[in-house]
Amino acid sequence: GLASKGIATFRYHKRFSTYPELMEEPFDLYDETIDDAISAYHTLVSDTSLYFGNVIMLGHSLGAYAMPLITDSLRNLDGAILFSANARRLEDLIMYQMAYLTEFDGTIDDEEEEVIEQNKKGFENIHNRTYTDTTSAEELLAYWPGLFWKGIEKYNPVEQVANDSNTNYLILQGEKDYQITMVDFKLWQKGLAEHPNAELKSFENLTHLFTPTASEKPGPSDYFMPGNVSIDVIETIANWVLRL
């Protein structure tokens with residue numbers, strides 16, 4: 001879609017997708033996401049066989065959450081696009097997601113109850129700071145170990161963008177995204193209301209993947225429906241990029 005608008009793209013594999021064994025050792029957000037994005041940028045711009053106009057980086061979900069830290073390290077970026085970026089604390093978001101999915105069908109079975117109790121303990125460990133760099137992911141939330149959670153204890157992505165006057169930001173959100181919701185998008189809107197270089201837009205009936213859904217109540221089944229990223233999203237990105 002972007003190529004049809006005259007915009008070239010470069011995509012790379014996430015580190016743990018290629019080397020899943022690295023997850024067996026303690027890691028943080030820089031190890032998982034930020035360092036490789038920075039390396040990808042330097043790999044591109046150092047290639048003298050290519051001609052570049054503006055260079056923009058797009059991050060999705062966790063990548064969007066990390067993007068303000070990436071732009072802080074890459075002051076030469078012309079712009080940053082955040083796809084489905086959570087604004088809430090990550091532990092709060094995970095607890096919301098767990099509640100949404102376990103209650104999705106209106107009942108909670110024994111297995112779901114066990115998951116809820118385990119996640120509550122992990123949440124309390126994070127919330128009360130009763131963990132260390134070496135605490136395992138099993139005692140916390142998701143697949144993230146103590147080192148990861150320590151690294152984001154004071155991180156607020158909205159504040160990070162609000163204090164960045166050097167970078168142009170485009171923040172996009174699907175209104176039928178049940179993973180990162182309009183609750184997050186409204187926090188971005190509030191926090192960046194006075195930001196001169198931030199543009200925000202949400203799209204009706206689009207999922208976390210920015211594909212359309214007809215579901216009244218979005219859920220995991222939406223991801224199994226064949227579809228493409230909405231042309232409205234492609235055009236919004238293209239128009240913004242070409243204006244920079």
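Modeller: In H3, the buried residues are Leu62, Gly63, Ala64, Tyr65, Ala66, Met67, Pro68, Leu69, Ile70 and Thr71. Buried means under 20% relative accessible area, exposed means over 50%, and partly exposed is in between, using a 1.4 Å probe and protein chains only. Because 10 of the 12 residues of H3 are buried, the helix is largely enclosed by the rest of the structure. The model is predicted, with local features needing pLDDT of at least 70 and side-chain atom pairs pLDDT 80 or more, while totals for chains, interfaces and linings use all residues. Residues are numbered from 1 along each chain as its sequence is written, and side-chain values use heavy atoms, with hydrogens and water left out.

H3 covers residues 62–73. Helices (H or I, at least four residues) and strands (E, at least two) are DSSP runs, numbered from the N terminus. From first C-alpha to last, H3 reaches 17 Å, close to the 16 Å expected at 1.5 Å a residue. The expected span is 1.5 Å times one less than the number of residues in the helix.

Ser61 belongs to the loop between S1 and H3. This serine has a positive phi of about 60 degrees, although it is not a glycine. Most residues other than glycine have a negative phi. Ser61 counts as buried because its relative accessibility is 18%. A second case is Ser84, in the loop between S2 and H4, where phi is near 55 degrees, again positive in a residue other than glycine. Ser84 is buried, with a relative accessible area of 0%.

Now the pockets. On a 1 Å grid over the protein atoms alone, a pocket is an open set of points where a 1.4 Å probe fits, with protein on both sides within 12 Å along at least five of seven lines; lining residues have an atom within 4 Å of a point. Volume is the space filled by probe spheres set on the points, which are joined across faces, edges and corners. The second largest pocket holds about 250 Å³ of space. Of the 13 residues that line the second largest pocket, the closest to its centre are Ser61, Leu62, Gln97, Trp144 and Gln179. Helix H4 (residues 90–102) gives the most to this lining, with four residues. By class, the lining of the second largest pocket has seven nonpolar, six polar and no charged residues. Here Ala, Val, Leu, Ile, Met, Phe, Trp, Tyr, Cys and Pro count as nonpolar, Asp, Glu, Lys and Arg as charged, and the others, Gly among them, as polar.

The largest pocket has a volume of about 1,500 Å³. Its lining has 43 residues, and the closest to the centre are Thr9, Phe10, Arg11, Ile56 and Leu58. H3 supplies at least two residues of this lining, as do H2 (29–45), S1, S2 and H9. The largest share, seven residues, comes from H2. The lining of the largest pocket divides into 28 nonpolar, 10 polar and five charged residues.

H9 also lines that pocket. The buried residues of H9 are Val233, Ile234, Thr236, Ile237, Ala238, Trp240 and Val241. They pack against strands S1 (56–60), S2 (79–83), S3 (168–174) and S4. At 1.5 Å a residue, the 13 residues of H9 should span 18 Å, which agrees with the 18 Å between its end C-alpha atoms.

At the start of H9, a side-chain oxygen of Ser230 comes within 3.1 Å of the backbone nitrogen of Asp232. A polar contact is a pair of N or O atoms within 3.5 Å; within protein, one must be able to donate a hydrogen and the other to accept it, and residues adjacent in sequence count only if both atoms are side-chain atoms. Ser230 counts as buried because its relative accessibility is 13%. Leaving aside neighbours within four places in sequence, Ser230 is in contact (heavy atoms within 4.5 Å) with Leu206 and Phe210.

Thr207 lies in that loop between S4 and H9 too. The side chain of Thr207 reaches the backbone nitrogen of Leu209 at 3.1 Å. Thr207 counts as buried, at 2% relative accessibility. Beyond four places in sequence, its contacts include Gly174, Lys176 and Asp222.
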